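Please look over the sequence and the structure before reading on.

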Amino acid sequence: MNVNLTATQTTILKTAAARPDGNIEPLPTNLRGGARTAVIDGLLARDLITKFQRPDHVEYYLSDAAFAAVGRKRKLPAPVTPAPETEA
């Protein structure tokens, strides 16, 4: 995927891609107010992050496209296999 990103957006995506859950928080400390909103809105518009509304706050996580944009693959948990002695 060829996406034109700002340096700030690239930093956010690369940092989040290195986190186990792909959460974009915490954002860089110098990103506040309107700049924070603009960066998040830009990533949402490109479908690079997904918004999750929690009861008391909002969380943003990387999409598969975001991982691809920074040359990474989403880490998936190992499949769960039942123990041989466990009956279904």
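## Burial and basis of the model

What percentage of the 88 residues of the protein count as buried? The share is 28%, where buried means under 20% relative accessible area, exposed over 50%, and partly exposed in between (1.4 Å probe, protein chains only).

The model is predicted: local features need pLDDT of at least 70, side-chain atom pairs count only at pLDDT 80 or more, and totals for chains, interfaces and linings use all residues. Residues are numbered from 1 along each chain as its sequence is written, and side-chain values use heavy atoms, with hydrogens and water left out.

## Fold

The protein contains three helices and two strands, in the order α-α-β-β-α along the sequence. Helices (H or I, at least four residues) and strands (E, at least two) are DSSP runs, numbered from the N terminus.

## Salt bridges

Three salt bridges are present; each is a side-chain nitrogen of Lys or Arg within 4 Å of a carboxyl oxygen of Asp or Glu. Arg 36 and Glu 25 form one of them, at 2.4 Å from N to O. Because Arg 36 belongs to helix H2 (residues 33-45) and Glu 25 to the loop between helix H1 (7-17) and H2, this pair ties together parts 11 residues apart in sequence. Arg 36 is partly exposed at 29% relative accessibility, and Glu 25 is partly exposed at 27%.

Another salt bridge joins Glu 59 and Arg 54, at 3.2 Å from N to O. Glu 59 is buried, at 16% relative accessible area, whereas Arg 54 is partly exposed at 33%.
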